[in-house]
Amino acid sequence: MLQKRLNQLKELLLTEAALVEDMLQKSIQGLLGKKIDILHEVIEEDEPTVNGLDIEIEKLCTQIIALYQPEAKLLRTILMIIKVNYDLERVGDHAVNIAQSAVDILPYEFKDVETIVKETAESALNMLQDSINAFIHEDTSLAKEVCERDEEVDRLRDKCIKKFTDLITHHPERSIVFAHLTRIVRSLERVADLATNIAEHALFMIKGEIIKHGQDERL
Amino acid sequence: MEDKILITEKLYAYYGEHCVLKDVNLEIPKFKITAIMGPSGCGKTTLLRCFNRLHELSPGGRIEGQIWLGKTNLLSLNPIMVRRKIGMVFQRPNPFPTMSIYDNVIAGYKLNGIKIKREEADQIVETSLKKAALWNEVKDFLHRKGTFLSGGQQQRLCIARALAMHPEALLLDEPTSALDPKSTAHIEELIIELKDSVTIVIVTHNIGQAGRVADYTAFLYLGELVEFGPTERLFTAPKDKRTEEYLSGKFG
Amino acid sequence: MKEIERNCKKRLFLNWFVQALVFVITGLSLVPLFFILFYLTKQGIGSVNWSFLTHLPRPVGESGGGVLNAIIGTLIIASLSTIMAIPIGVTAGIYLAEKKTGKLVHLLRLSTDILQSTPSIVLGVIAYLWIVKPAQSFSAFSGSVALAMMMLPTIVSSTEETLKLIPYTLKEASLALGVPYYRTVLKVILPSGISGILTGTLLGIARIAGETAPLLFTAFGSPYLNFNLFKPMNALPLVIFNYASSPYLEWWRQAWGASFILIVMVLCFNLLAKWGASKWKIKF
């Protein structure tokens, strides 16, 4: 019974993670490739699905805690799944934000910053994928590596925003594009933060170590 | 709608003048595990004993209301026939001390004087012990006394003894309260495996046990059925305040 | 501090003293027993030999002669009374253990207690009035009836006590399998209590084997080897009584021998009961 429920929970979490990754990928693709269909797909179809999964996972976690009073590793796993679930749902929200901005700036060109936006997006996406893999496969070293990569995305975001500000000063008529791009880059940076959180959750789940907020202590 | 196997209607149970169950209306679904929980003295064991009419044997024990076994009125049947259709396992393992493991399993036939062929008896013993997950442990000394087994094994022997009669329902009265955690886990696994072939009603004062094994849970308090529903629902969002308080350890 | 230390010493001494006292008194209680056994063996063993065990009594003056008829008589009378007492005693014991309360239970318990404390000679007189007088003849049968009455309370109470110790859960287990009540009692309760019942019976036999008084008016005694239950029959206690109260030295010697045999028999039954109690003990 417990095993059945745990398997079900893992399956749901994997589905959610895959879907959220997909959403992020699609909104970036839609942004760079000017594909309106997939952007609408993200906003109108994927987002409600993620919300449904989020509720489902939360319910299952509550049931497992209520019915089996898990302890030790199992307790940490369930608690961290609850947190990862929350983080993934937030990633989904950011993907929707990106998609919405992408729809708004669809008619405009921004070839001059495409590369750096793509770079930021890719490293955020990589972090997300790696953090989820670290969580699922309980890979400590990968999780630690993800945590360290957070600063890289921060750096990229700063670089982007600096570039956007420069361009706005020179081409005030394009400010709407850069305002949206700023929003997108901020979202990507938030995704990277959430990926870092997931990696931290993975570490706590595996070893019971809290390394959040720069602290490193055992529970 | 699932099939119901045991249904009580306006069931009242008494010990002499003392009323132990008040207006219990409960429908126990077929091939599911239903847990009856509640604080000590809430009448959960009495309710269980009403189902196989063992309650009538206690001094001053009597019931009012209706109990249905499927479509038949359980109270109109001969209690002896009821007990052959509904098996029971008790708090303390109680194999017959004078009988071997083999004889314990077919005790329901032997004691009732039901004649069965030797091969048939062998078959019943083997399948029942296999169902009770005891066969591998005892197959080499079936003719030793049942009381040589450990507590957990004895309890599984008692389950096998009840299963040998091919009951429609199996009543378990706190079957693990006298056992260590490991045997308890073993019995719980067994109970879950059994539900495909027999309806199980288990009385427990261990909330965790109800959570782990039961599909449905009934909460009894002071002889009243406070709440009945799917275990997940009852455990995560009880409708009645008393259930909530019991689950959070306020009483019991 | 000193106060406490002194107190402690006093208590330790008291403890030692009481222990020693108990030990000595226990030892004292064993003295008569060992004395009896020792004296009986010393006096009796000399007259016990193969011919003593296998020959019939001879008239006074003739040397030799044995107590074969008495040994066989004791065995027959004791067996017969056991056969009579067991069904009645066990049934009454089951009733007491199962019913527990009620008018009949109260009456039964009271009469068992009274029977237990009735002097054995009174039981002999009753058997005489019931059987010997109407039949116009002393008989082994009447002796067995008297002894059966003596055994009855032992069997009733040992059955009751044993069955009371059987866990109620065992009965429930049987009833829950749909076994009718009477079958539950016969096939589950009784077999589980068999060790206690048998032990009680053996102790009862040991008790009646040495009874003389009830036999004086009933079995009466006889110098012949007799297998007819409705004729007078000899028994060891009767031999001892008759020979010991006779004026002949040879018979006195034989009385010692018979006493020795009797006490060995009783001892055997006691040991058998003890051994049986542990051997047949049923683990719940």
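## Chain A: surface and overall form

Chain A has an accessible surface of about 10,500 Å², and 52% of this area belongs to carbon and sulfur atoms; accessible areas come from the Shrake-Rupley method with a 1.4 Å probe, and for residues only the protein chains shown count as cover. The model is a predicted one, in which local features need pLDDT of at least 70 and side-chain atom pairs count only at pLDDT 80 or more, whereas totals for chains, interfaces and linings use all residues. Residues are numbered from 1 along each chain as its sequence is written, chains are lettered from A and ligands numbered from 1 in the order in which they are written, and side-chain values use heavy atoms, with hydrogens and water left out.

The secondary structure of chain A consists of six helices and two strands, where helices (H or I, at least four residues) and strands (E, at least two) are DSSP runs numbered from the N terminus. In sequence order these elements give the pattern α-α-α-α-α-α-β-β. The radius of gyration of chain A is 19 Å, close to the 17 Å that the globule rule gives for 219 residues, so chain A is as compact as a globular protein of that length; this radius is taken over C-alpha atoms, and the rule is 2.2 Å times the number of residues to the power 0.38. The C-alpha trace of chain A spans about 60 × 35 × 20 Å along its principal axes.

Of the 219 residues in chain A, 50% are buried, a class that means under 20% relative accessible area, with exposed meaning over 50% and partly exposed lying in between (1.4 Å probe, protein chains only). Among the contacts (heavy atoms within 4.5 Å) in chain A between residues at least 6 apart in sequence, 81% join residues at least 24 apart.

Helix H1 of chain A runs over residues 2-33, and its 32 residues should span 46 Å at 1.5 Å a residue, which agrees with the 46 Å between its end C-alpha atoms; the expected span is 1.5 Å times one less than the number of residues. After H1(A) comes A:Lys34, which has a positive phi near 55°.

## Chain B: overall form

Chain B contains eleven helices and ten strands. A compact globule of 252 residues would have a radius of gyration near 18 Å, and chain B agrees with this at 18 Å, while its C-alpha trace spans about 55 × 40 × 35 Å along the principal axes. Buried residues account for 56% of the 252 residues in chain B, and its accessible surface is about 10,600 Å², 50% of which belongs to carbon and sulfur atoms. Among contacts in chain B between residues at least 6 apart in sequence, 67% join residues at least 24 apart.

## Helix H8 of chain B

Helix H8 of chain B (residues 181-194) has 14 residues and reaches 20 Å from its first C-alpha to its last, close to the 20 Å expected at 1.5 Å a residue. Its buried residues are B:Ser183, B:Thr184, B:Ile187, B:Glu188, B:Leu190, B:Ile191 and B:Leu194. They cover an arc of only 160° around the axis, which puts them on the same side of H8(B); the arc is that of the directions from the helix axis to the C-beta atoms. An α-helix has 3.6 residues a turn, so residues three or four places apart point the same way.

The buried residues of H8(B) pack against several elements of chain B, among them strand S3 (33-37), helix H5 (118-131), helix H7 (151-163) and strand S7 (169-173). On the other side of H8(B), B:Pro181, B:Lys182 and B:Glu193 are exposed.

## Positive phi angles in chain B

Most residues other than glycine have a negative phi. B:Arg53, although not a glycine, has a positive phi of about 55°; it lies in the loop between helix H1 (44-51) and strand S4 (61-69) of chain B, and it is buried, with a relative accessible area of 8%. B:His166 also has a positive phi, near 50°, and is found in the loop between H7 and S7 of chain B, where B:His166 is exposed at a relative accessible area of 55%.

## Aromatic pairs

Over all chains, a search of the whole structure finds 14 aromatic pairs; rings of Phe, Tyr and Trp (its six-membered ring) pair if their centres lie within 6.5 Å, and planes under 30 degrees apart count as stacked, over 60 as edge-to-face and the rest as tilted. The rings of C:Tyr243 and C:Trp251 have their centres 4.5 Å apart and their planes at 15°, so this pair is stacked. C:Trp251 also forms an edge-to-face pair with C:Tyr248, at 5.4 Å centre to centre and 80° between the planes.

C:Tyr243 counts as buried at 8% relative accessibility, whereas C:Tyr248 is partly exposed, with a relative accessible area of 36%. One aromatic cluster is formed by C:Tyr128, C:Phe138, C:Phe217 and C:Phe220.
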